Amino acid sequence: DKTLGAAAFLLELVDDVLTINKLDSGETELKEEKFVLKDVVSELVSMISAQALIKHVTVTPPEITAEHSAFIGDALSFRQIILNITANAVKYNKDGGKVMTSFTEIQRDGKTFIRFVCEDTGIGMSPEYQKHMFEPFSQENSTVKNAFGGIGLGLPVVRKMTEAMGGEVEVESEKDVGTKFTVTL
């Protein structure tokens, strides 16, 4: 239904704008709460599955390699980062494409981190666009915007939230081949 699609689009736009404004103003307070990684991953898979089915994209079951089952951090921000990246991997994929994800626990500087990798066989990004992909409202071109929708705020939200959580985002992409995001939180 077009009305539901428009409502979802507006809700996503308002939510992303509010999130960016809060992060830019320093109003966002990150919580330190316990969350179970497998539960969060299971929720995300459920959310993405319907979108993947509609797009004829296969989302392989996530690989989880972790010594611990529970972690301390801002679970909502963690979910939003992972959801934005995974949803984009599905949205900007080809018919019959694939999305592979993994979560790995790593130790660095006496702290425990989760490394999330999302790799897809989607449309990829040009080297020129990759220089601007984290800027608000940036999109590869009008063809991509018209064909796939989107508003160009998902990746800026990912970058700002990841940095606020003391993490980092790395991207490898090739036009018409796919994209690999690696986020360490």
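This is a predicted model: local features need pLDDT of at least 70, side-chain atom pairs count only at pLDDT 80 or more; totals for chains, interfaces and linings use all residues.

User: OK, and helix 6 itself, which of its residues are buried?

Analyst: Helix 6 covers residues 154–164, and its buried residues are Gly154, Leu155, Pro156, Val157, Val158, Met161 and Thr162.

User: What about Arg159, buried or partly exposed?

Analyst: Partly exposed, because its relative accessibility is 28%. The side chain of Arg159 meets that of Glu163 in a salt bridge, 3.5 Å from N to O. The two both sit in helix 6, four residues apart, about one turn of the helix.

User: Why would residues with that spacing point the same way?

Analyst: An α-helix has 3.6 residues a turn, so residues three or four places apart point the same way.

User: Which ring does the charged end of Arg159 sit over?

Analyst: That of Phe134, with 3.9 Å to the ring centre.

User: Switching to aromatics. How many aromatic pairs are there?

Analyst: The structure has four. In one of them, the ring centres of Phe78 and Phe103 are 6.5 Å apart and the planes are at 50 degrees, so that pair is tilted. Phe78 is in helix 3 (residues 75–91) and Phe103 in strand 5 (residues 98–108), so the pair ties together parts 25 residues apart in sequence.

User: Are those two buried or exposed?

Analyst: Phe78 counts as buried because its relative accessibility is 3%. Phe103 is buried too, with a relative accessible area of 2%. Phe103 also forms a tilted pair with Phe116, 4.9 Å centre to centre with 35 degrees between the planes. Phe116 lies in strand 6 (residues 111–120) and Phe103 in strand 5, so this pair ties together parts 13 residues apart in sequence.

User: Which residues do the ring pairs link into a cluster?

Analyst: Phe35, Phe71, Phe78, Phe103 and Phe116.

User: Back to salt bridges. How many does the count come to?

Analyst: Three. One of them joins Arg79 and Glu43, whose closest N and O atoms are 2.8 Å apart. This pair links distant parts of the chain, with Arg79 in helix 3 and Glu43 in helix 2, 36 residues apart. Arg79 is partly exposed at 23% relative accessible area, and Glu43 is partly exposed at 34%.

User: And which residue does Glu168 form a salt bridge with?

Analyst: Arg108, with the closest N and O atoms 3.5 Å apart. That pair also links distant parts of the chain: Glu168 is in strand 7 (residues 168–174) and Arg108 in strand 5, 60 residues apart. Glu168 is partly exposed at 32% relative accessibility, and Arg108 is partly exposed at 27% relative accessible area. Arg108 also lies over the face of Phe113, 4.7 Å from the ring centre.

User: Last stop, Thr184. Where is it found?

Analyst: In strand 8, residues 178–184. Thr184 counts as buried because its relative accessibility is 1%, and buried means under 20%.

User: What does Thr184 touch, leaving out residues up to four places away in sequence?

Analyst: Its contacts include Arg108, Phe113 and Glu168, along with Thr162. Thr184 also touches Arg115, and a polar contact of 3.1 Å joins the side chains of Thr184 and Arg115.

User: And Ile54, buried or exposed?

Analyst: Exposed, because its relative accessibility is 68%. Ile54 is in helix 2, which covers residues 37–55.

Key. Residues are numbered from 1 along each chain as its sequence is written. Side-chain values use heavy atoms; hydrogens and water are left out. Buried means under 20% relative accessible area, exposed over 50%, partly exposed in between (1.4 Å probe, protein chains only). A polar contact is a pair of N or O atoms within 3.5 Å; within protein, one must be able to donate a hydrogen and the other to accept it, and residues adjacent in sequence count only if both atoms are side-chain atoms. Contact means heavy atoms within 4.5 Å. Rings of Phe, Tyr and Trp (its six-membered ring) pair if their centres lie within 6.5 Å; planes under 30 degrees apart count as stacked, over 60 as edge-to-face and the rest as tilted. A charge sits over a ring if NZ of Lys or CZ of Arg is within 6 Å of the ring centre and within 35 degrees of the ring normal. A salt bridge is a side-chain nitrogen of Lys or Arg within 4 Å of a carboxyl oxygen of Asp or Glu.
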